[in-house]
Amino acid sequence: MSVLKAFKTVSEAIPMYKSLNGVFLIYKPPNLHFNRMRETVIRNLCRDLNDMKVRPQLKYVVIEGKTNESLRVSVRDSFADHPLVVGPRYQPNDFKLGTTKIMHEHVSGIIVCGINNGNKMVHKMKMSKCVRFYRVTGLLGEATDNYFHTGKIVEKSKFTHVKRGHIDKLCSSMQSSHQRKMFDLCGVDIQSQAAYELALQGPLRPTDPNVPLLYTIKCVDFSPPKFTLEIVCIQEYDMYLKTIIHDIGMRLHTNATCMQIQCVQDGLFNIKDALLPKEWTVDNIVSNMQMCQKVIAENPNLLRPESAALVEYDNATKKPIVEN
C-alpha cells in the first residue's frame with residue numbers, strides 16, 4: 001500500500017509515463033477477446049495520463065510592427081500543438097503492450113503483460129517456457145461440436161456409472177503416459193541410463209516450441225455432472241485442454257464437454273496478485289509492476305534458466321525449494 005500512496009502523489013504525466021516500463025499482471029475474465037482486453041488496458045492508461053498535468057502547449061516567437069519603427073517581439077501559444085488539433089497528449093500508439101501468451105476468448109485467468117521496455121522481459125519469459133497451472137471444469141453427459149459448452153450439442157449419454165475413483169485412475173494413467181512422452185521428446189530410451197539421469201533432474205522442458213506437455217493432472221472436485229481438474233502443463237492451448245476433457249468422457253464410456261478454463265498461475269505469478277478489470281488504472285499498474293520487478297530480481301532463472309529441468313518454487317516466498 002505504501003508504494004501505491006507514493007505514486008498517487010505524482011500529478012504530472014511525464015514521470016508517470018516514464019515509469020511504465022516493466023511487467024505487470026492482469027486478470028482476463030471469460031468471454032472477453034484478447035484484443036478487446038488489450039485495447040481496454042491501453043485506453044485506460046491514456047485516459048489516466050491525459051487527466052494528469054500533461055506537457056504544456058508549444059510556443060512560437062512573433063515579431064510584429066513596421067519595418068521603419070521598433071519591432072515588438074512576443075511569444076504565443078502554437079495552435080498547431082493544441083490538443084484540439086493534434087489530439088490528446090497520450091494516445092494508444094504511445095504504448096507497446098505484449099504478453100507471454102495470447103489467451104483465447106473462452107479462457108480466463110492471469111496474464112503476464114509487458115509494456116514498452118517490459119516487452120523484452122516478457123519475450124525472455126516466453127523463451128524460458130514457464131509452466132502454467134489451470135483449473136478446468138467439465139460437464140458429464142454432453143458432447144458439443146467445439147468441445148465447449150457454448151457449442152451445439154451433438155450427443156447426450158448417461159453418466160451415473162462414473163465415480164470419483166474412475167476419474168482419479170484415468171488422470172493417473174494420462175499423467176504417466178505424458179511423462180513417458182517427456183523422454184521421447186528428449187530422444188532417449190526410457191530404459192536407458194541417460195533416461196535415469198534425466199529423471200533425477202526432475203521434469204524437463206520440451207525443445208519443440210509447438211508440442212504441449214502435461215506434467216500433472218488430478219481431480220480436485222467431483223460434483224456430478226460437473227468435475228474439476230487441476231492441470232500443470234507447458235506450451236498448451238485452449239483446444240488442447242478442451243480435448244483432455246473430451247477424451248476423459250470417451251474413456252469413461254460417456255461424454256464430457258468443457259465448461260470453464262481458468263489459468264490460476266503462470267510461472268511464479270499467482271492469480272491472487274493479478275489486477276481485476278476495475279483495477280486497470282495507471283496507479284495500480286505501476287504498483288503491480290514494482291511487485292513483479294521484485295519477484296524477477298529475486299529469481300533470475302525466470303528470465304534465463306540455467307538448465308532444461310524445471311525448478312520447484314515455494315508459492316509463499318517465491319524462492320526455489322532446496323532439498324537437504
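**Note on the predicted structure**

1. The protein chain has an accessible surface of about 18100 Å², and carbon and sulfur atoms supply 53% of that surface. The model under review is predicted.

2. The protein chain contains nine helices and twelve strands. It has 324 residues, of which 45% count as buried. Among contacts in the protein chain with a separation of 6 or more, 70% are between residues 24 or more positions apart.

3. Thr137 illustrates a buried position in a strand. This residue belongs to strand S6, residues 132-140, and has a relative accessible area of 13%; because buried means under 20%, Thr137 counts as buried. Leaving aside residues up to four places away in sequence, Thr137 touches Phe227, Thr228, Thr257, Cys258, Met259 and Gln260.

4. The salt bridges number 13. One of them joins the side chains of Arg76 and Glu64, with an N to O distance of 2.6 Å. Arg76 is in strand S3 and Glu64 in strand S2, so the pair ties together parts twelve residues apart in sequence. Both residues are partly exposed, Arg76 at 37% relative accessible area and Glu64 at 26%.

5. Lys101 and Glu236 also form a salt bridge, their closest N and O atoms being 3.9 Å apart. This pair links distant parts of the chain, 135 residues apart, and each partner lies in a loop. Lys101 and Glu236 are both buried. Together with Arg132 and Asp266, they are linked in a network of salt bridges.

6. Within helix H8, Lys242 and Asp238 are four residues apart, so about one helical turn separates them. Their salt bridge has its closest N and O atoms 3.4 Å apart. Lys242 is buried at 2% relative accessible area, and Asp238 counts as buried at 18%.

Notes. Residues are numbered from 1 along each chain as its sequence is written. This is a predicted model: local features need pLDDT of at least 70, side-chain atom pairs count only at pLDDT 80 or more; totals for chains, interfaces and linings use all residues. Side-chain values use heavy atoms; hydrogens and water are left out. Helices (H or I, at least four residues) and strands (E, at least two) are DSSP runs, numbered from the N terminus. Buried means under 20% relative accessible area, exposed over 50%, partly exposed in between (1.4 Å probe, protein chains only). Contact means heavy atoms within 4.5 Å. Accessible areas come from the Shrake-Rupley method with a 1.4 Å probe; for residues, only the protein chains shown count as cover. A salt bridge is a side-chain nitrogen of Lys or Arg within 4 Å of a carboxyl oxygen of Asp or Glu.
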